[in-house]
Amino acid sequence: MPFPWRSEPHPDTTAIVQESARRLDLPTRRLFLKQAAGLGTLTLLAGCDVVDGVSAEAALGRMSDFNDRVQAWLFDPHQLAREYPGSAITRPFPFNAFYPEGQSPEVDPESYALELVGLVERPAPWSLRQLYALPRVTQITRHICIEGWSAIGKWGGVRFSEFLTRIGADTRARYVTFRCADGYATSLDMATSLHPQTQLTFWFDDAVLPRKYGFPLKLRVPTKLGFKNPKHIVEIEIGNDYTGGYWETYGYNWFSGL
Ligand SMILES: Nc1nc2c(c(=O)[nH]1)N[C@H]1C(S)=C(S)[C@@H](COP(=O)(O)O)O[C@H]1N2
Ligand SMILES: [Mo]
């Protein structure tokens with residue numbers, strides 16, 4: 001499909017924004033039209049000069065990539081997810097994974113080590129004892145699963161930004177990738193990884209994180225859909241190459257912000 005500015009030396013900004021909006025999925029489009037201001041915006045989103053039609057088309061060619069860029073740009077790193085009182089906690093909290101509950105991985109706490117890979121100054125693995133000693137925060141927030149349910153839970157752990165500082169992660173990198181004991185994986189943009197409510201979680205409802213909810217540790221990301229909250233994390237990688245994830249491979253939108 002030809003882009004409106006392809007053969008136009010002086011493209012009409014409004015037309016470009018509208019044409020681009022038509023190429024987005026619905027929720028992203030609604031946000032985009034609410035906030036998109038003009039040609040400068042689009043140039044920023046596309047990561048290239050829109051007057052150069054060929055490179056613009058190359059940048060916008062992968063629809064989902066364009067959706068990710070728009071969403072990442074719209075993501076406000078200071079916007080907080082709503083927190084709830086203890087009385088709002090959902091009990092029992094639902095379990096979900098790509099397998100039935102009884103098949104959750106059994107991780108041995110004694111031999112467990114969190115491995116660090118990529119752009120990290122201090123890549124030594126972390127034992128559970130070391131992780132439990134990190135400064136603790138808690139949150140009561142809503143987890144929203146793409147399959148159509150949501151539930152409010154209480155999670156405790158360390159701010160992920162604090163952990164990233166301790167390991168000397170390069171926070172200019174684009175992606176943080178999480179690999180899990182059950183073969184699951186997902187990845188996050190750096191802005192979300194540094195968000196104050198993004199938590200490396202060891203506690204659930206004031207007790208040790210149960211096996212089915214991700215023992216020994218998960219990432220709690222209240223600004224993202226449930227599948228962007230990896231359980232049973234065994235490896236974290238900081239890098240600039242797109243790594244996707246388990247459900248992302250099946251077509252779920254990578255950014256999936258709320
Ligand atoms: N390791 C791992 N993490 C995972 C999943 C999984 O299958 N394996 N499923 C995701 C999905 S789709 C959801 S909704 C939540 C469910 O978390 P819960 O069991 O604590 O409700 O975990 C997410 N993280
Ligand atoms: Mo989910």
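A polar contact, as the term is used in these legends, is a pair of N or O atoms within 3.5 Å; within protein, one of the two must be able to donate a hydrogen and the other to accept it, and residues adjacent in sequence count only if both atoms are side-chain atoms. The structure is a predicted model, in which local features need pLDDT of at least 70 and side-chain atom pairs count only at pLDDT 80 or more, whereas totals for chains, interfaces and linings use all residues. Residues are numbered from 1 along each chain as its sequence is written, chains are lettered from A and ligands numbered from 1 in the order in which they are written, and side-chain values use heavy atoms, with hydrogens and water left out.

**View 1. E121 in its loop.** E121 is placed in the loop between strand 1 (115–118) and helix 6 (128–132), where helices (H or I, at least four residues) and strands (E, at least two) are DSSP runs numbered from the N terminus. The side chains of E121 and R122 are joined by a polar contact of 3.4 Å. Leaving aside residues up to four places away in sequence, E121 touches I167 and G168, a contact meaning heavy atoms within 4.5 Å. E121 and R166 are 45 residues apart in sequence, and their C-alpha atoms are 9.2 Å apart in space. With a relative accessible area of 62%, E121 is exposed; exposed means over 50%, buried under 20% and partly exposed in between (1.4 Å probe, protein chains only).

**View 2. H143 in strand 2.** H143 belongs to strand 2 (residues 137–145) and is buried, with a relative accessible area of 10%. Not counting residues up to four places away in sequence, the residues that H143 touches are F93, W149, S150, A151, W155, R220 and G226. In the chain taken as a whole, buried residues make up 48% of the 258 residues.

**View 3. Ligand 1 and its surroundings.** Of the 20 residues around ligand 1, those that come nearest are P94, N96, D182, N229 and K231, a residue being counted as near if one of its heavy atoms lies within 4 Å. A polar backbone atom of P94 is 2.8 Å from an oxygen atom of ligand 1, and a backbone N or O atom of F98 lies 3.1 Å from an oxygen atom of the ligand. On the side-chain side, an N or O atom of D182 is 2.8 Å from a nitrogen atom of ligand 1. Taken alone, ligand 1 exposes 530 Å², and the protein buries 99% of that, with areas from the Shrake-Rupley method and a 1.4 Å probe.

**View 4. Two cis peptide bonds.** R91 and P92 are joined by a cis peptide bond with omega of about -5 degrees, and P92 has its place in the loop between helix 5 (63–74) and strand 1. The peptide bond from F215 to P216 is also cis, with omega near 0 degrees, and P216 lies in the loop between strand 7 (207–208) and strand 8 (218–220).

View 5. D205, although not a glycine, has a positive phi of about 55 degrees, and D205 lies in the loop between strand 6 (199–204) and strand 7. D205 is partly exposed, with a relative accessible area of 26%. D206 is found in the loop between strand 6 and strand 7, and its phi is near 65 degrees, a positive value in a residue other than glycine.
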